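Here is a short report for a reader new to this structure. Look at the sequence and the model first, then read on.

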Amino acid sequence: MTHKILLDTDIGSDIDDALALAYLLKQPACQLLGITTVAGEATLRAEMASAICTRAGRDDIPIHAGADVSMLTPYLTFKGKAPQAAALGDWPRQRDFAPATAIDFLRRTIRQHPGEITLLAIGPLTNIGLLLATDPQIPTLIKELIIMGGCFTSANRMENNIRNDALAAAIVFGGGTQARPPRLVSFGLDVTLKCTLEAEECRARLTAPIFGPVRDFMEIWFKRQPRATFHDPLATAAIFQPDLCTYKAGQVRIATAEPTLGWSLFEPQAPEKNPPHLIATEVRAEAFFEHYFQIVGRGG
């Protein structure tokens, strides 16, 4: 079964976005219809995505820069900067991205493929929030919405993708009266943190040709952190192999006021209530890594 994917990403902040994109480019069941970038310096982030796509021989994939500012509060992660873009160097890529074309591209593409697209959001939800605010019918026109974001089962309910634009996240999750997608699944920090590799193991295992620019981006990340956590790759891989995780159904609400601004709150609901959201609650981490490296290693 082929999945038509639109990827919305803040590539250039954490290294996991680049790892997720590499997976999508090697996944044979993925038809990647386009990439949009978000969270400040969006055109630089688009160049990073282009470098990875070009390395994979896929410079045909549309890439569009999105929002540079959030809807409610300033971006907190790296103050809206993309530090890994410093490693772009001479990697071949498109360089002339127009600003702020992502929302129109997402709208047009979804409307051209009603009921067929998985919208995969692995950054702050500004682009997706703006899309739904300006075209409230969009949720009914996608197949599913997959989000890496939130933190649902630990005492700390704060997570960067939600915190960086809590208002956009509140729009995306909705309050119960808005149109909703047929399926909305969130992979929270409390689950993705179980999928971590130390720097040396990453260097040893991420050797496939597609990882050329990714490895350069990764070295900038390792100057800040001694390991890589595969937050976004887990959410991405679960589209194709959902049994990597277990799930619980219910209602997600996002706090939009202090002192809990950006908290993700989950209320379990019984199936007869037709709950609007699923959250991942557990992950088979070893199975995930086996699957991830099997896919990215395809074809050398």
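## Terms and ground rules

Buried means under 20% relative accessible area, exposed means over 50%, and partly exposed lies in between (1.4 Å probe, protein chains only). At 7% relative accessibility, C245 counts as buried.

This is a predicted model: local features need pLDDT of at least 70, side-chain atom pairs count only at pLDDT 80 or more, and totals for chains, interfaces and linings use all residues. Residues are numbered from 1 along each chain as its sequence is written, and side-chain values use heavy atoms, with hydrogens and water left out.

## Cysteines without a bond

A disulfide is a covalent bond between the sulfur atoms of two cysteines. The cut-off used here is a pair of cysteine sulfur atoms within 2.5 Å. A search of the whole structure finds zero disulfides. C195 is in none; its nearest cysteine sulfur belongs to C245, 7.1 Å away. C195 is buried, with a relative accessible area of 0%.

Helices (H or I, at least four residues) and strands (E, at least two) are DSSP runs, numbered from the N terminus. Strand β11 covers residues 277-283. Five of its seven residues are buried, so the strand is largely enclosed by the rest of the structure.

Two strands pair if DSSP finds at least two bridges between them. Strand β6 (residues 184-187) pairs with β11 in the parallel sense, over two bridges. Strand β9 (residues 245-254) runs antiparallel to β11, and six bridges join them.

## The nonpolar cores

A nonpolar core is a set of buried Ala, Val, Leu, Ile, Met, Phe, Trp, Tyr and Cys residues joined through side-chain atoms within 4.5 Å. The largest has 69 residues. L21, L32, F211, F230 and Y292 have the most contacts inside it. Helix α1 (residues 16-26) gives the most to this core, with eight residues. Another core lies apart from it, with 31 residues, including I117 and L184.

Contact means heavy atoms within 4.5 Å. Not counting residues up to four places away in sequence, F230 touches D16, L19, C195, L197, C202, F288, F289 and Y292.

## Aromatic rings

Rings of Phe, Tyr and Trp (its six-membered ring) pair if their centres lie within 6.5 Å; planes under 30 degrees apart count as stacked, over 60 as edge-to-face and the rest as tilted. The structure holds 12 aromatic pairs. F230 and Y292 have ring centres 5.4 Å apart and planes at 85°, so this pair is edge-to-face. F230 lies in the loop between β8 (227-229) and α11 (231-240), and Y292 in helix α12 (residues 285-296), so the pair ties together parts that are 62 residues apart in sequence. F230 is buried, at 0% relative accessible area. Y292 is buried at 0% too.

The rings of F289 and F293 have centres 6.3 Å apart and planes at 20°, so they are stacked. Both residues are buried. They sit four residues apart in helix α12, separated by about one helical turn. Ring pairs link Y23, F230, F240, F288, F289, Y292 and F293 into a cluster.
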